[in-house]
Amino acid sequence: SSLKKLTKKSQTIFDTLSLDLLSNPDAKSVAITSNFQKEGKSYVALQLASSMSKLGMKIVYLDLNLSTSSLKKQYGIKSDGVYSGIDEFLSGKVALGSIIGSTNLPNVSMILTSQRIEARFPAIDRNKIRSTIDALATVFDYIIIDTASISDSVDALNIASSCDGTVLVVQEGRTTIDELDIAVRRIKKSGGSIFASVLNQH
């Protein structure tokens with residue numbers, strides 16, 4: 001993956017958020033979501049993974065945005081040949097260990113969607129999400145899950161309720177206070193909890 005160099009102020013924000021999340025010793029997973037598409041979820045998730053890794057934590061970034069993910073295109077992620085992904089694992093076609101890839105970020109691994117993902121992948125079962133998180137937690141110190149937006153897919157709420165907490169990303173000048181409040185209430189109603197909200201100016 002290729003991340004833009006952060007300003008000192010932005011780096012401090014992500015470093016502080018990392019420390020806040022890691023201050024809870026019982027938490028090992030976080031969902032990164034937003035109310036709408038293109039509010040910067042993947043940017044925040046990857047920067048968070050980078051910041052945590054600098055603290056010596058072994059991190060896995062999991063792309064569970066199975067409907068509108070543009071991660072590979074946005075960050076120029078390439079692979080030789082056809083590769084498997086999280087969608088094929090959820091469908092029972094491949095083993096979890098076979099889809100964990102390395103990155104150029106120290107201590108950060110990555111699980112992406114496959115090249116063969118169906119346009120309309122069925123909703124992800126909560127029990128499957130939880131068992132996947134539990135399996136990854138035996139290998140990694142922290143699991144960062146990039147989800148679909150809340151307004152686009154029920155997956156976002158299913159994932160949020162399966163993780164230890166959620167970071168809600170808000171694009172500056174786009175999401176209103178009322179819309180943010182609705183998103184927070186929907187996450188809590190689904191059984192999830194809010195770790196933090198991030199105002200994305202990127």
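Tutor: A polar contact is a pair of N or O atoms within 3.5 Å; within protein, one must be able to donate a hydrogen and the other to accept it, and residues adjacent in sequence count only if both atoms are side-chain atoms. This model is predicted, and local features need pLDDT of at least 70, side-chain atom pairs pLDDT 80 or more, while totals for chains, interfaces and linings use all residues. Residues are numbered from 1 along each chain as its sequence is written, and side-chain values use heavy atoms, leaving out hydrogens and water.

Student: At the start of H5, which residue's backbone nitrogen does Asp 125 reach?

Tutor: Helix H5 comprises residues 126-137; helices are DSSP runs (H or I, at least four residues), as are strands (E, at least two), numbered from the N terminus. At its start, a side-chain oxygen of Asp 125 lies within 3.0 Å of the backbone nitrogen of Asn 127.

Student: How far apart are the end C-alpha atoms of H5?

Tutor: The expected span is 1.5 Å times one less than the number of residues. For the twelve residues of H5 this gives 16 Å, and the end C-alpha atoms agree, being apart by 16 Å.

Student: Within what arc do the buried residues of H5 fall?

Tutor: Those residues (buried: under 20% relative accessible area, 1.4 Å probe, protein chains only) are Ile 129, Thr 132, Ile 133 and Leu 136. They line one face of the helix, because, seen down the axis of H5, their arc, taken from the directions from axis to C-beta atoms, is within 100 degrees.

Student: What percentage of the protein chain is buried?

Tutor: The protein chain contains seven helices and seven strands. Of its 202 residues, the buried share is 49%.

Methods. Buried means under 20% relative accessible area, exposed over 50%, partly exposed in between (1.4 Å probe, protein chains only).
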